[in-house]
Amino acid sequence: MKIGFIGLGNMGGPMAANLVKAGHAVTGFDLTAPMPDGVTRAATAAEAATDAEVVITMLPNGAILRSVAAEVIPAMTAGAVLCDCSTVDVDSARAVADQAQAAGLGALDAPVSGGVGGATNGTLTFMAGGADAAFATVKPLFDIMGQKAVHCGASGAGQAAKICNNMILGVTMIATCEAFALADKLGLDRQKMFDVVSTSSGYSWTMNAYCPAPGVGPASPADNGYKPGFAAELMLKDLNLSQQAAVSADADTPMGQLAAELYRRFVEDEAGRGMDFSAMLPRFERRGRA
Ligand code: NAD
């Protein structure tokens, strides 16, 4: 397949590399990032999109997606599919899909879970929103870049799934960290806390698979000085997206709102920027109740 790929950063670079390894012809464009081996560099985003059957974007945010889409959509061939894999707000995802469909193109929002490791190893999970035909066109590419692709519904449904998942993740990480900090102050050994909670009703992915306490549970960023992993500022970005969506949809999400506020303080005022999102645990340890 002839593929245009725009945004070849930490995630997009290895995703594009896996498409090349599987035998696809990939033309890439990025403002700064180098092209992986085998990806042909285009001079502009429009050039990368010209003649492509599928154009994949992997960009930082919704505003950048909208501006790239405005450039790329007129350059695409009717019937081709624009597939955005970035994590962006639901409104931007739907607006770009509407523009693409009005131009006779297929459109998917297909954000991913699995991080840079998943992008490199081809084990991402894709959650897609858009028409059946567009999903069917891109599915073979999802199968190369990932291990699972769920068609969640119409345009925007992929982003909805992503931000709801990550709202649970942020809330659960905070709950796990504050419980460890309380357990410390109650004199409970951390390993005993893990042994109980990981097999009791308080278990979760954040406790069992990504434990925020160093030396406890499977290896995680906590064992590496809280080097990300999944950076606190990316968690904040996703929590802000969930709150933006909650306002726009008139949904009551008090825990998500509080999680967004705690990560905002952590990133902006409490030296959390550049730390893994599980570094909420030392943050709680440092603090008393006041
Ligand atoms: P990144 O900053 O490493 O990559 C983004 C790339 O987009 C950069 O190389 C940048 O130069 C390029 N870019 C920016 N504006 C551009 C433009 N106008 N035209 C062309 N290229 C442009 O970010 P990343 O970690 O690869 O994340 C990309 C997306 O994936 C984000 O939406 C992020 O939320 C999401 N995501 C990231 C992770 C992760 O663990 N890093 C996990 C899941 C989802």
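Modeller: A residue is called buried if 20 or more other C-beta atoms lie within 10 Å of its own, exposed if 12 or fewer do, and partly exposed in between, with C-beta atoms placed from the backbone. The model is a predicted one, in which local features need pLDDT of at least 70 and side-chain atom pairs count only at pLDDT 80 or more, while totals for chains, interfaces and linings use all residues. Residues are numbered from 1 along each chain as its sequence is written. The mean pLDDT of the protein (pLDDT being the predictor's confidence in each residue, from 0 to 100) is 96, and 100% of its residues reach 70 or more. The scores of the model are ipTM 0.99 and pTM 0.93.

The part examined here is α4, residues 90–102. Helices are DSSP runs of H or I with at least four residues, strands are runs of E with at least two, and both are numbered from the N terminus. The expected span is 1.5 Å times one less than the number of residues.

Which residues of α4 are buried? They are Val90, Ser92, Ala93, Val96, Ala97 and Ala100. These six cover an arc of only 165° around the axis, which puts them on the same side of α4; the arc is that of the directions from the helix axis to the C-beta atoms. An α-helix has 3.6 residues a turn, so residues three or four places apart point the same way. The face turned away from the buried side of α4 carries the exposed residues Asp98 and Ala102.

The cover over the buried residues of α4 includes the helices α3, α7 and α10 and the strands β5 (81–84), β6 (106–109) and β8 (124–130). Two residues are in contact here if their C-beta atoms, placed from the backbone, lie within 7 Å. After α4 comes glycine 104, with a positive phi near 80°.

Helix α3 (62–72), like α5 (115–121), supplies at least two residues of the shell around the ligand. That shell holds 25 residues, the closest being Gly7, Gly9, Asn10, Met11 and Ser86; a residue is near the ligand if its C-beta atom, placed from the backbone, lies within 6 Å of it. By class, the shell has 16 nonpolar, 8 polar and 1 charged residues, where Ala, Val, Leu, Ile, Met, Phe, Trp, Tyr, Cys and Pro count as nonpolar, Asp, Glu, Lys and Arg as charged, and the others, Gly among them, as polar.

Helix α7 has 29 residues and reaches 42 Å from its first C-alpha to its last, close to the 42 Å expected at 1.5 Å a residue. Glycine 187, which follows α7, has a positive phi near 80°.

A cis peptide bond joins proline 228 to glycine 229, with omega about 20°. Tyrosine 226 is found in the loop between α9 and α10 as well. Although tyrosine 226 is not a glycine, its phi is positive, about 65°. Tyrosine 226 has 23 other C-beta atoms within 10 Å and is therefore buried.

Helices α7 (157–185) and α10 (232–249) also belong, with α12 (280–286), to what covers the buried residues of α11. In α11 the buried residues are Gly256, Ala259, Ala260, Leu262, Tyr263, Phe266 and Val267. They cover an arc of only 165° around the axis, which places them on the same side of α11. Pro254, Glu268 and Asp269 are exposed on the other side of α11.

Alanine 271 stands in the loop between α11 and α12. It has a positive phi of about 60° although it is not a glycine, and its 12 C-beta neighbours inside 10 Å make it exposed. In α12, phenylalanine 284 counts as buried because it has 20 C-beta neighbours inside 10 Å. Neighbours within four places in sequence aside, phenylalanine 284 is in contact with Cys177, Glu178 and Ala181.
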